[in-house]
Amino acid sequence: MLTRLVPHPLLSLTLILVWFGLVNTFTLGNLILGTAFGLAIPMLTAAYWPDRPAIARPLKIAEYALIVLWDIVVANVQVAMIILFRREAEIRSHWIPVPLELTSAEAITVLAGTITMTPGTVSAMLSADCNSILVHCLHTDDPDKVLHDIKTRYERRLLEIFP
Amino acid sequence: MNFVAEFLVSAALIVSGIFGFVGSYGLLKLKHTLQRLHAPTKATTLGVGGVLIASMIFFYADTGHISVHELLITLFLFLTAPITANFIAKTHLARNLRRNELPESTGDFGWSVYDDPPETRLDT
């Protein structure tokens, strides 16, 4: 019964939190309204989103978010230095094809978004069978290191979240 | 509002201003479309992030309540900005580059702009 009423507890919880963020005040009425949204929206949209991936370890999401935020700050400074202090001819951009172990569309979307949001790399395109992702790197002397970073920092953690 | 809060708000605004400026300068300086794409992804992260942190500190010092609208703005930016960047990158690839200018994909199928997907989709 409980699993039928709340098929996706994480999604429901996220919706309740987003509702509180939108109204910006904590009252009992908002808790009831937010819970109603949190229960109704997953049920109403279930038909349009089949095969939702199960999330194995929810706490890993927080770890992943913190690591990505930290990397964004570090990479921002690095890219700012490249833009400000390197001559245009010295900037060596690279295409880096990254083989993927992730299989679910949602997990690949998260990885592609992460690659784009960390400055210095932009995910440009997937291969037709979703087995590799094409990354454009603004400046690097060692493309293999960028590839290694993406595989070990981001993809390994996403594999734990989306088994 | 006390001095510490004012100082923190000013510092966050200056940091965001610097990164916003560097992002715009990069847009001018870099020559290729895909290199230029890196500049605005910076402006949306630390540039906007600094303004949002300043806003949270300001409203906390001013009213005493923690405002969480800024966290939602960050969330929505992180959800939408990569999609725009991907649209621009893909359009550029489809219009201006040929497949032999890109490295090979590591799988059996080529990049999705040039190659058709397999008959049965793998993830359904």
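Which residues of the largest nonpolar core touch the most other members? The legends below begin with this core.

**View 1. The largest nonpolar core of the predicted model.** Among the 23 residues of this core, A:Leu111, A:Val135, A:Ile150 and A:Leu158 touch the most other members. A nonpolar core is a set of buried Ala, Val, Leu, Ile, Met, Phe, Trp, Tyr and Cys residues joined through side-chain atoms within 4.5 Å; buried means under 20% relative accessible area, exposed over 50% and partly exposed in between (1.4 Å probe, protein chains only). In chain A, at least two residues each are supplied by H4, strand S1 (94–99), H5, strand S3 (132–137) and helix H6 (143–161). H5(A) gives the largest share, six residues. Helices (H or I, at least four residues) and strands (E, at least two) are DSSP runs, numbered from the N terminus. Beyond its neighbours within four places in sequence, A:Leu158 is in contact (heavy atoms within 4.5 Å) with A:Tyr64, A:Leu102, A:Ala107, A:Val110 and A:Leu111. A second, separate core of 12 residues includes A:Leu134, B:Leu37, B:Leu97 and B:Leu102.

**View 2. Helix H4 of chain A.** This helix (residues 58–85) has 28 residues and reaches 41 Å from its first C-alpha to its last, close to the 40 Å expected at 1.5 Å a residue; the expected span is 1.5 Å times one less than the number of residues. Its buried residues include A:Tyr64, A:Asp71 and A:Ile72.

**View 3. Packing of H5(A) against H4(B).** Helix H5 (residues 105–117) of chain A and helix H4 (residues 69–96) of chain B pack at about 85°, with axes 9 Å apart. H5(A) is therefore roughly perpendicular to H4(B), a class covering angles of 65 to 115 degrees. Axes are lines fitted to C-alpha atoms, for helices over the stretch in contact, and angles run from 0 to 180 degrees between N-to-C directions. A:Gly113, A:Thr116 and A:Met117 meet B:Phe78, B:Ala81, B:Pro82 and B:Ala85.

**View 4. The surroundings of A:Thr118.** A:Thr118 lies in the loop between H5 and strand S2 (121–126) of chain A. The residue is buried, with a relative accessible area of 5%. Not counting residues up to four places away in sequence, A:Thr118 touches A:Asp71, A:Ile72 and A:Tyr154.

**Notes.** Residues are numbered from 1 along each chain as its sequence is written, and chains are lettered from A and ligands numbered from 1 in the order in which they are written. In this predicted model, local features need pLDDT of at least 70, side-chain atom pairs count only at pLDDT 80 or more, and totals for chains, interfaces and linings use all residues, while side-chain values use heavy atoms, with hydrogens and water left out.

Technical notes:
Angles under 35 degrees count as roughly parallel, over 145 as roughly antiparallel, 65 to 115 as roughly perpendicular and the rest as oblique.
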